[in-house]
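Good morning, and thank you for coming. Please look at the sequence and the structure on the screen while I speak.

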Amino acid sequence: MEYTYKDIDKIAEFSSWTERQRIDELLRIDCRMYANLGSDSTKKEVLEVKVISKKIYKLIKKINPKIGTTFLTAMDS
């Protein structure tokens with residue numbers, strides 16, 4: 001099954017998946033969103049991706065605080 005950004009809350013709560021599997025899938029979704037941005041993307045679309053990305057990193061922080069904090073810090077740089 002291919003997950004989208006609409007599934008990120010569910011993925012973070014999957015108890016049958018390992019921590020690694022949940023983080024990997026959240027990062028895969030994040031990567032897919034950025035890969036779908038192009039030079040023709042509007043500022044609004046870019047901002048929407050950044051907002052969702054930040055939400056993904058906050059969910060990762062709940063799963064693994066060290067990794068999530070690293071992503072959030074890098075995003076703010």
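This is a predicted model: local features need pLDDT of at least 70, side-chain atom pairs count only at pLDDT 80 or more; totals for chains, interfaces and linings use all residues.

I begin with helix α3 and helix α4 (residues 65–76), whose axes come within 6 Å and cross at roughly 155°. Axes here are lines fitted to C-alpha atoms, for helices over the stretch in contact, with angles running from 0 to 180 degrees between N-to-C directions. Helices themselves are DSSP runs of H or I with at least four residues, numbered from the N terminus.

Residues are numbered from 1 along each chain as its sequence is written, and side-chain values use heavy atoms, with hydrogens and water left out.

The helices α3 and α4 are therefore roughly antiparallel to each other; the term applies to angles over 145 degrees. Which residues meet here? In α3 they include K50, S53, Y57 and I60, and in α4 they include P65, F71, L72 and M75. Contact means heavy atoms within 4.5 Å.

Now to the other partner of α3. The axes of α2 and α3 come within 10 Å and cross at roughly 170°, so these two helices are also roughly antiparallel to each other. Among the residues that meet are L26, D30, M33 and Y34 in α2, and I52, S53 and I56 in α3.

Is S53 buried or exposed? Its relative accessibility is 0%, so S53 counts as buried, a word that means under 20% relative accessible area, with exposed over 50% and partly exposed in between (1.4 Å probe, protein chains only). Leaving aside neighbours within four places in sequence, S53 touches D30, M33, Y34 and M75.

The structure holds four aromatic pairs, a pair being rings of Phe, Tyr or Trp (its six-membered ring) with centres within 6.5 Å; planes under 30 degrees apart count as stacked, over 60 as edge-to-face and the rest as tilted. The rings of Y3 and W17 have centres 5.8 Å apart and planes at 80°, so this pair is edge-to-face. Y3 sits in the segment before α1 (8–13), and W17 in the loop between α1 and α2 (19–35), 14 residues apart. Y3 is buried at 12% relative accessibility, whereas W17 is partly exposed at 23%. Together with F14, Y3 and W17 form one aromatic cluster.

Methods:
Angles under 35 degrees count as roughly parallel, over 145 as roughly antiparallel, 65 to 115 as roughly perpendicular and the rest as oblique.
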